[in-house]
Amino acid sequence: TAVLGLPEKIRRRLRTTNGVERLNEEIRRRERVIRIFSNRESAIRLIGALLMEIDEAWTTGRRYLDMEAYWAWREQQASSAQTAKVHTLRG
């Protein structure tokens with residue numbers, strides 16, 4: 001429910017768990033190829049490598065989430081809260 005307070009452009013991307021589900025699906029797909037991990041660290045390395053691949057794709061490719069829109073919205077929220085605070089103190 002906290003996502004509902006965000007602007008529409010950001011809310012559309014964060015309201016579902018599609019990103020997490022896709023990540024879990026990709027981890028399971030790669031795990032099936034390996035089948036047996038020699039130790040816990042090897043499993044962590046696999047997940048870390050996958051996360052680095054996804055990060056690289058997000059930073060170099062099409063942006064999934066435009067943070068500039070979020071920062072502008074957040075700045076607007078802070079300035080309107082400051083204005084409301086000043087009006088409350090004067091009132």
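Biologist: Which helix holds both Y70 and W73, and about how many turns of the helix lie between them?

Modeller: Keep in mind that this is a predicted model. Y70 and W73 both sit in helix α4, which covers residues 67-90. They are three residues apart there, so the answer is helix α4 and about one turn.

Biologist: How many aromatic pairs turn up in the whole structure, and which residues form them?

Modeller: Searching the whole structure gives two aromatic pairs. Put together, that makes one aromatic cluster of Y70, W71 and W73.

Biologist: Are W71 and W73 buried, partly exposed or exposed?

Modeller: Buried means under 20% relative accessible area, and exposed means over 50%. W71 has 43% relative accessibility, so it falls in between. W73 has a relative accessible area of 22%, so its label is also partly exposed.

Biologist: What about E26: where is it, and is it buried or exposed?

Modeller: E26 is found in helix α2. Its relative accessible area is 11%, and the limit for the buried class is under 20%, so E26 is buried.

Biologist: Which side chain does the side chain of E26 make a polar contact with?

Modeller: A polar contact needs N or O atoms within 3.5 Å of each other. For the side chain of E26, the distance is 2.9 Å, and the partner is the side chain of R30.

Biologist: Which residue has a positive phi although it is not a glycine, and where does it lie?

Modeller: The phi here is about 75°, and the residue is R35. R35 has a relative accessible area of 67%, so it counts as exposed. Its place in the chain is the loop between α2 and α3.

Biologist: Which helix supplies the largest share of the lining of the largest pocket?

Modeller: That pocket holds about 400 Å³ of space and is lined by 17 residues. Helices α1 (8-14), α2 (18-34) and α3 (40-60) each give at least two residues to the lining. Six residues is the largest share, and it comes from α2.

Biologist: Which residues lie nearest the centre of that pocket, and how does its lining divide by type?

Modeller: Nearest the centre of the largest pocket are G19, V20, L23, I54 and W58. As for type, the lining divides into ten nonpolar, four polar and three charged residues.

Biologist: How far apart are R12 and L65 in space, C-alpha to C-alpha?

Modeller: R12 belongs to helix α1. With a relative accessible area of 47%, it is partly exposed. Along the sequence, R12 and L65 are 53 residues apart, while in space their C-alpha atoms are separated by 9.6 Å.

Biologist: Zooming out, how many helices and strands does the chain have, and in what order do the elements run?

Modeller: The count is four helices and zero strands. Starting at the N terminus, the order is α-α-α-α.

Biologist: What is the radius of gyration of the chain, and what would a compact globule of 91 residues have?

Modeller: The C-alpha atoms fill a box of roughly 70 × 25 × 20 Å along the principal axes. Buried residues make up 8% of the 91 residues. A compact globule of 91 residues would have a radius of gyration near 12 Å, whereas the chain has 20 Å.

How values were computed:
Residues numbered from 1 in each chain as written. Predicted model: local features only at pLDDT ≥ 70, side-chain atom pairs only at ≥ 80, totals over all residues. Heavy atoms only, no water. 1 Å grid on protein atoms, 1.4 Å probe; cavity = no way out; pocket = protein on both sides within 12 Å on 5 of 7 lines; lining within 4 Å. Points joined across faces, edges and corners; volume = space filled by probe spheres on them. Nonpolar A, V, L, I, M, F, W, Y, C, P; charged D, E, K, R; others polar. Buried < 20%, exposed > 50% of the residue type's maximum accessible area, 1.4 Å probe, protein only. Polar contact = N/O pair within 3.5 Å; in protein donor to acceptor, adjacent residues only side chain to side chain. Phe/Tyr/Trp six-rings, centres within 6.5 Å; stacked < 30°, edge-to-face > 60°. Rg over C-alpha atoms; globule rule 2.2 N^0.38 Å.
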